[in-house]
Amino acid sequence: MGYFPDWRPAAGATVLPDEKLPLTQAVPMSLQHLLAMSGSTILAPLIMGFDPNVAVFFSGIGTLLFFAVTGGRVPSYLGSSFAFIAVIMAATGFAGGGPNPNIAVALGGIIAAGLVYALIGLVVMAIGAGWVEKLMPPAVTGAIGMSIGLNLAPVAVKQLAGSHAHLSIALATVLCMAMVSVYGRQATRRIAVLVALLFGYGMVLVLGNGLGLVPGIDFAAVAAAPWFGVPNFTAPRFEWSAISLIAPVAIVLVAENLGHIKALGAITGQSMDRYIGRGFLGDGLATMLAGAGGGTGVTTYAENIGVMAMTRVYSTLIFPMAAAIAIFLGLSPKFGAVLQTIPAPVLAGLAVSVFGLIASAMARIWVDNKVDFSDPRNLFTVGVALIMGAGDFTVNIGNFSLGGIGTSTFAALALYQLLGIGRRA
């Protein structure tokens, strides 16, 4: 068996990872995956004050790198990770709105997180992933993920502050995303963030640019931007204070990617456990590369797994095509200028929706895995982790600083293992 599969033509309704579609079918499918990832990949950098055009560019580059490292055997798209938002905003002192003036410091932390992630991947490739699953069972991963969402709550609430018009548009955006998620067709639900973004954007165009009731959108920068050009890359700067805050996010990415690879094995009917280490390594290297040029940390996307489950098309060849289109868009300053016009109240509404979903979706991990909360071990592990994360408990030792996400992560990992000493199960 070669490093890459020998992709054979698809023969049935279900297209397996090592099968390929005709180009006339593959291109529309790659566009669908691009739409599925676009809302979140654009939203995360805007909230953190990064250039969304650069983030889209590196999502494409990262996806190609992941494809190469995994030998084209794991169907995944890599987009901006929301796990970085809280720690980057803390490390840079960014409160939201406009460009983040301290991006370089954040990038150093992103590279460090990617390095830790990649090293974990190498260890898994050498000795297997069993130790990861023992270290991070569902009780722990759910607690860490929910802590991230709760830690972001003050950020979302602060972005809601403003005039009655600002609040109204933000809440209307929240309601739109909720309605699409609940009542939309399955295909539409996969792009709920994008639909809500377009809805809020349209509201501002009508009420602002059309009726003059709220501040309108200024398209001067869009008109002045060229169609093609090099993205605005930013060089990283390494500061221990930022690294200590951001690097622990690697633990969250490991748990996230592990769950995604397990899910892919379940829906394709082909176990992908032997590629877990390669998946970690590919994602870690992609995160380091993005951090080296001004992009956000990246992760495999559940949205794209949802598209695969819906269409039953799992061909890995779809994703390099989607990545190539993303790189092409990232090379268009005009596309980037359009992204920068997304109004503040729309971003505020999306932040409330997405941050809330980060927290609430983690409860599903506990439900799906039947975590026993009558067991004090689980109860105390989760409870302590949530308090530290939501309260942003920070530890300062000299120049070393570990924020709420980091303390919550390590509390969950350490407490679960400590409370397991001497137990049979």
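Helices here are DSSP runs of H or I, at least four residues, numbered from the N terminus.

Quick word on the source. This is a predicted model, where local features need pLDDT of at least 70, side-chain atom pairs count only at pLDDT 80 or more, and totals for chains, interfaces and linings use all residues. Residues are numbered from 1 along each chain as its sequence is written, and side-chain values use heavy atoms, with hydrogens and water left out.

Which residues of α19 are buried? Arg-377, Asn-378, Thr-381, Val-382, Ala-385, Leu-386 and Gly-389. Buried means under 20% relative accessible area, exposed over 50%, with a 1.4 Å probe and protein chains only. These residues cover an arc of only 140 degrees around the axis, so they sit on the same side of α19. That arc is taken from the directions from the helix axis to the C-beta atoms. On the other side, Phe-380 and Ile-387 are exposed.

What does the buried side pack against? α6 (138-151), α18 (344-368) and α20 (404-418).

Next, the ends. At the start of α19, a side-chain oxygen of Asp-375 comes to within 2.9 Å of the backbone nitrogen of Arg-377. After the helix comes Asp-392, with a positive phi near 50 degrees.

Last, Leu-152, in the loop between α6 and α7 (153-160). Leu-152 counts as buried because its relative accessibility is 0%. Its C-alpha lies 6.4 Å from that of Phe-355, 203 residues apart along the chain.

Key. Helix = DSSP H or I, 4+ residues; strand = E, 2+ residues; numbered from the N terminus. Contact = heavy atoms within 4.5 Å. Polar contact = N/O pair within 3.5 Å; in protein donor to acceptor, adjacent residues only side chain to side chain.
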